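User: I'm new to this one. Could you walk me through it and tell me where the labels come from?

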Amino acid sequence: MSSISDVLQDMKQKVCSCIDKWSEKLRMLSEDIWSCPELAYEEHKAHDRLVEFFSQDPGWKVDSHFKLPTAFRAKWAPAASQHGHVINVGFLCEYDALPGIGHACGHNLIAEVGAAAAVGLKHVLENTESLPVPVQVTVLGTPAEEGGGGKIDLIKEGAFEGMDVVFMAHPSKEDAVYLPCVAIHDVIIKYHGKASHASAYPWEGVNALDAAVLCYNNLSVLRQQMKPDWRVHGIIKHGGEKPNIIPAFTQLEYYLRTPSRSELPVLKEKAVRCFRSAADATGCQVEVEFSKNQFDNMLRFSTLEELFERNGRALGMDFTTDEAVLEESGSTDFGNVTFVVPGIHPYFYIGSNALNHTEEYTVAAGDARAQFFTLRVAKALAMTALDVLLHPELLQRVKEEFTEAIMKEER
C-alpha cells in the first residue's frame with residue numbers, strides 16, 4: 001500500500017506534467033492579455049479571454065461578470081464534493097495594465113499563473129480515486145489592482161466567503177517567498193481660489209497654487225515628525241493655466257503608507273491637517289477626497305510560506321536572501337484578502353533584471369523567456385495546494401496562524 005507521501009509526490013509530478021501539457025494554451029492566453037492592455041475596471045477583453053479559457057475545459061462552472069463587470073469566477077468540484085463542507089482552494093488572476101506603458105507589472109503573467117495552477121490541480125484531482133477531504137478549486141478574476149482595488153470590491157460583495165486558502169504569485173526581478181506589503185490610502189487634494197491678472201491686479205485673486213505649494217511643504221516638514229517606516233509621497237497634478245493668471249484651481253495627489261493598517265488613521269489625520277492649514281493660510285477652499293478603498297498590509301502565514309519555498313526549491317527556484325531586496329515595500333489589495341482568508345503572494349523572476357513599472361518590464365512580461373519561470377511558479381503553487389489538501393492538519397495550522405495574526409493586528 002502506498003504511503004500518503006508517495007501518493008502526494010506522484011500527484012505533484014502529475015500536476016507539473018499537466019501544466020506542461022497546457023503550456024501552449026497558457027502562453028497564448030498570456031500573450032492575448034499582454035497584447036491588449038486594459039486599465040483598471042476596463043479589462044473587458046481580458047475578462048472575456050479568461051472566461052473563454054475556462055469554459056473550454058470541461059468541468060468548470062464559469063460565472064462571467066461575477067460581482068463586478070470585469071471580474072469572473074470559475075469553480076470545479078468532483079460530484080462527491082457538491083454537498084456539505086469542502087476544502088475550497090482559491091487561485092487569483094489579475095489582468096489590468098498601467099497607463100501608457102501597458103503590462104509593465106506583468107499582470108498578464110499573474111493571470112497565466114492562476115489559470116495554470118488551477119487547471120493543473122483540477123486535472124490531477126479529478127483523476128484521483130479518493131481524497132482525505134472533499135475539495136473545490138475556485139478561480140477568481142480580480143480586476144483593478146493597479147487602481148481602485150478590485151479585490152476589496154469583491155470582498156465587500158462576499159466573493160471570498162467559503163474559501164479556505166488562496167494563492168497567487170507576482171512577477172518581479174527575483175524569486176521571493178515574501179516582500180513587505182504595507183497599508184496605503186491615496187488622496188486627491190483640490191484647492192479652489194480666484195483668478196485674477198497676476199500683474200495688473202493680483203490683490204483681487206486668491207492663489208490656489210500658493211495653497212498647493214504650502215500643502216507640499218507642510219507634508220515635507222511633517223516627515224521629520226513621522227515614524228521611520230511611514231511613507232508620504234505625492235505630486236502636483238495641476239498647477240495653473242498661465243503665469244499671468246493667478247491660479248484659481250490646483251490639484252495634488254498623495255499616497256499615505258504605514259506598515260500596519262492600524263497606524264494609517266494616525267498618519268491620515270496628520271496629513272489632513274496639512275491639507276487644510278494650507279487652505280486657511282491662503283484663503284482658498286479645499287476638497288480632500290480619499291479613494292474609496294484603502295489597501296491593507298499583508299498578513300503572513302509561515303506554514304504556507306515554508307511549503308511554497310520547499311516546492312519552489314524542488315523545481316529550481318532560487319529565492320533571494322538579499323536584505324535590501326527583502327526590505328523593499330509596496331502595496332496591493334491582496335493585503336485586504338489576507339484579513340478575510342489566509343493566503344500567500346510570492347514573487348517570481350521572469351528572466352529579466354528590469355524593474356517593475358518600466359517600459360523594459362513591459363517587454364520582459366511579453367517575452368517568450370518569461371514562460372518557463374511563469375509555469376514553474378504555477379507548479380509550485382499547485383504543489384503547495386496539494387500539500388494542504390492531502391494533509392488537513394496543515395490547513396488547521398494555517399487557520400490557527402490566521403486567527404493569531406488577526407488578533408495581533410487588532411491589539
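User: Why are H12 and H13 called roughly perpendicular to each other?

Analyst: Their axes cross at roughly 100°, and 65 to 115 degrees counts as roughly perpendicular (under 35 is roughly parallel, over 145 roughly antiparallel, the rest oblique). So H12 and H13 are roughly perpendicular to each other. The axes also come within 4 Å; they are lines fitted to C-alpha atoms, for helices over the stretch in contact, with angles from 0 to 180 degrees between N-to-C directions. Keep in mind that this is a predicted model, where local features need pLDDT of at least 70, side-chain atom pairs count only at pLDDT 80 or more, and totals for chains, interfaces and linings use all residues. Residues are numbered from 1 along each chain as its sequence is written, and side-chain values use heavy atoms, with hydrogens and water left out.

User: Which residues make the contact of H12 and H13?

Analyst: H12 brings Asp387, Val388, Leu389 and Leu390, and H13 brings Pro392, Leu394 and Leu395. Contact means heavy atoms within 4.5 Å. By class that gives 6 nonpolar, no polar and 1 charged residues. Nonpolar covers Ala, Val, Leu, Ile, Met, Phe, Trp, Tyr, Cys and Pro, charged covers Asp, Glu, Lys and Arg, and the others, Gly among them, are polar.

User: What makes H1 and H12 roughly antiparallel?

Analyst: Helix H1 (residues 4-21) and helix H12 (residues 370-390) pack at about 150°, with axes 9 Å apart. That angle puts H1 and H12 in the roughly antiparallel group. On H1 the touching residues include Ile4, Val7 and Met11, and on H12 they include Leu375, Ala378 and Met383. The residues of this contact divide into 13 nonpolar, no polar and 4 charged.

User: How many aromatic pairs are there, and why is Phe301 with Phe402 called tilted?

Analyst: The structure holds 11 aromatic pairs. For Phe301 and Phe402, the ring centres are 6.2 Å apart and the planes sit at 35°, so the pair is tilted. Rings of Phe, Tyr and Trp (its six-membered ring) pair if their centres lie within 6.5 Å, and planes under 30 degrees apart are stacked, over 60 edge-to-face, the rest tilted. Phe301 lies in the loop between strand S10 (285-290) and helix H8 (302-314) while Phe402 is in helix H13 (residues 392-410), so the pair ties together parts 101 residues apart in sequence.

User: How do you know that Phe301 is buried?

Analyst: Its relative accessible area is 0%, and buried means under 20% (exposed is over 50%, partly exposed in between; 1.4 Å probe, protein chains only). Phe402, at 17%, is buried too.

User: What kind of pair do Phe308 and Phe319 form?

Analyst: An edge-to-face one, at 5.9 Å centre to centre and 70° between the planes. Phe308 is in helix H8 and Phe319 in the loop between H8 and helix H9 (323-326), so parts 11 residues apart in sequence are tied together. Phe308 and Phe319 are both buried.

User: Why does Arg49 count as buried?

Analyst: Arg49 has 17% relative accessibility, so it falls under the limit and counts as buried. Arg49 sits in helix H3 (residues 44-55). Not counting residues up to four places away in sequence, Arg49 touches Met28, Leu29 and Asp32.

User: And what makes Ala195 partly exposed?

Analyst: Its relative accessible area is 43%, so Ala195 lands in the in-between class. Ala195 is in the loop between strand S7 (183-192) and helix H6 (208-222).

Conventions: Helices (H or I, at least four residues) and strands (E, at least two) are DSSP runs, numbered from the N terminus.
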